[in-house]
Amino acid sequence: MTASVLPGARPTVGGSWDMAVRAFRWWLVNYRRTWRGTAFSSVLNPVLYLGAMGVGLGSLVDKHGTASLGGISYLAFLAPGLMAAAAMQTAVGESAYPVFTAVKWQHTYQAAASTPLRPADIYHGHLLFTTMRLAMNAAVFLGIMAAFGAVSSPWALAAVPVAVLTGLAFAVPIDGFAVTRKKNGQSFDLIFRFGMIPLFLFSGTFFPVTQLPAWIRPLAYITPLWHGVALCRSLSLGTADLAGAIGHLAYLTGLVLIALLLGQRAYRWRLYV
Amino acid sequence: MPDPEILIKASGLTKRFGEFTAVDGIDFELRRGEAFGFLGPNGAGKSSTMRMIGCVSPPSGGELRILGMDPVRQGPAIRARLGVVPQEDALDVELSVRENLLIYGRYFGLPRSVIAERTARLLDFVQLTDRAGSQVEPLSGGMKRRLTIARSLINEPEILLLDEPTTGLDPQARHVVWDRLFRLKQQGVTLVLTTHYMDEAEQLCDRLVVMDSGKIAAEGSPRELIETYSTPEVLELRFDIAEHDQAAEKVADAPSERIEVLADRILLYVPDGDAALAAVRGLGLEPLTSLVRRSTLEDVFLRLTGRRLEDG
């Protein structure tokens, strides 16, 4: 090949952000082909859940009085919790199999690793994409919540980034875990069955954690989902207080940062053999 | 002051995986513009060496300098100047041919306009212009391999690494790939390739090392290796299976530099194959079939290791 004399024709090694964006583009290009399906489910899921549980089941709950919920309608109680729980589901869906497929079956990651991209850049690129997906879904969820009349405060807008952070508290570790899997995706089924579903049911989404036996409550308090649910709910209801909000945010952020350090090591371990 | 014409220098290069030593202290140099090969059976340590050169596998010991840089600390800067054709193509099969080059070029930080211009040129070079908009999935193995080669050239690399470039391709597709690689070589691209096909090594490599069990058994041009480790001609004899062992003993009486007794054939390494065949017949032996051929790298490998390349 004759050397090209076009400006900017030489490969470059950029900073961490620039390199992560390069890796992010791969997910974006692929998402262009699949976005319709995900757009459909990100609208349908909230409509079904809010309709059946919030409105349907909620009308029964409301008849018996909602003092234990703080005197609000069940729909208003449930909706922000579901928003956080939906973020968890989006995060797990985007992190487990897509990452495993990229590293194990399609070798997309290995192809990227033979370019200037470092393992951490490839990891960060996928996390950028997951962040985008979480933000999209959380924004749609909030819109549907509002349409159901389940939003009580303008602070609910702040629930969108909180839901994203909640999702990242799952995506960051699961992404790092998925990249280390070498045989098959069976361990993901365990995560879904014994991790995600119990969390979904018992982290305060459907009923206050105070309804749980006292000995099991601390277990709920250490899960990231409980923090996400509690903060989204207090924002949506307009009952958030600063100290509580900082506590939840600090817990979730700390979790994300620790998982990020471990995930970077996991990517390096897998891609630099 | 290091010689700028030496693009890769390895000394005592070692790669261990736990207890297993995949690459066992090898030395080699790659010079600008040459086509350099690692020939050896599966498991000889070729791919491990290639991955260390590709800066995706930190060496366990020894020295490795690539383009004057340290592959562990300066991996991204080195990889920016390498082209890599991996054993498994690792293409984005659900994307189009053109999109594959675009996304890969973007990894290198190249602007879209530059990628578009190079894509047209590269697809023409690998004869895939009419497939530019097609999805990759249904393409044949040979086309996919050619696309992988085009992709590896998007950053106009100074060194092109090819790991088993024609493994798994049918003979016709192999020849097309060889032809393209030969053209690249003529254009002055520095090639490093691994192969367990002796004909591939003979066709493409200016210089090669024969690897076995993680070590370099010999080094030189294909011609030098054949001259050093083999005879000009080889007489291949095939006997009835019942007579094979007996014939192998008797044939030893015919003049030859060396005899290799394989499971199905007996090879006589001789200066003149026809004369050797006459001598064998003079001993009262009549082979079912006989073949006189020139020595190849396969014979070199057999001589050096006692095994055949394809035995692995």
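This is a predicted model: local features need pLDDT of at least 70, side-chain atom pairs count only at pLDDT 80 or more; totals for chains, interfaces and linings use all residues.
1. For one spot to look at, take B:Phe36, whose bridge partner in β8(B) is B:Arg207.

2. Now stay with β8(B) itself, which spans residues 207-212. How many of its six residues are buried? Five are, so the strand is mostly covered.

3. β8(B) also pairs with β9(B), residues 215-220; here the two strands run antiparallel, with five bridges between them. B:Asp212 has its bridge partner in β9(B), namely B:Lys215. The two strands form a hairpin with two residues between them, and B:Ser213 takes a positive phi there, near 50 degrees.

4. Next, have a look at helix α3(B), residues 97-107. Nine of its eleven residues are buried, so the helix is largely enclosed by the rest of the structure. The buried ones include B:Val97, B:Leu101, B:Ile103 and B:Tyr104, and also B:Glu99, B:Asn100 and B:Arg106.

5. What do the buried residues of α3(B) pack against? Helices from both chains: α1 (16-63) and α4 (108-113) of chain A, along with α4 (112-125) and α5 (141-152) of chain B. Mind the labels when you browse, as there is an α4 in chain A and another in chain B.

How values were computed. Residues are numbered from 1 along each chain as its sequence is written. Chains are lettered from A and ligands numbered from 1 in the order in which they are written. A residue is buried if 20 or more other C-beta atoms lie within 10 Å of its own, exposed if 12 or fewer, and partly exposed in between; C-beta atoms are placed from the backbone. Helices (H or I, at least four residues) and strands (E, at least two) are DSSP runs, numbered from the N terminus. Two residues are in contact if their C-beta atoms, placed from the backbone, lie within 7 Å. Two strands pair if DSSP finds at least two bridges between them.
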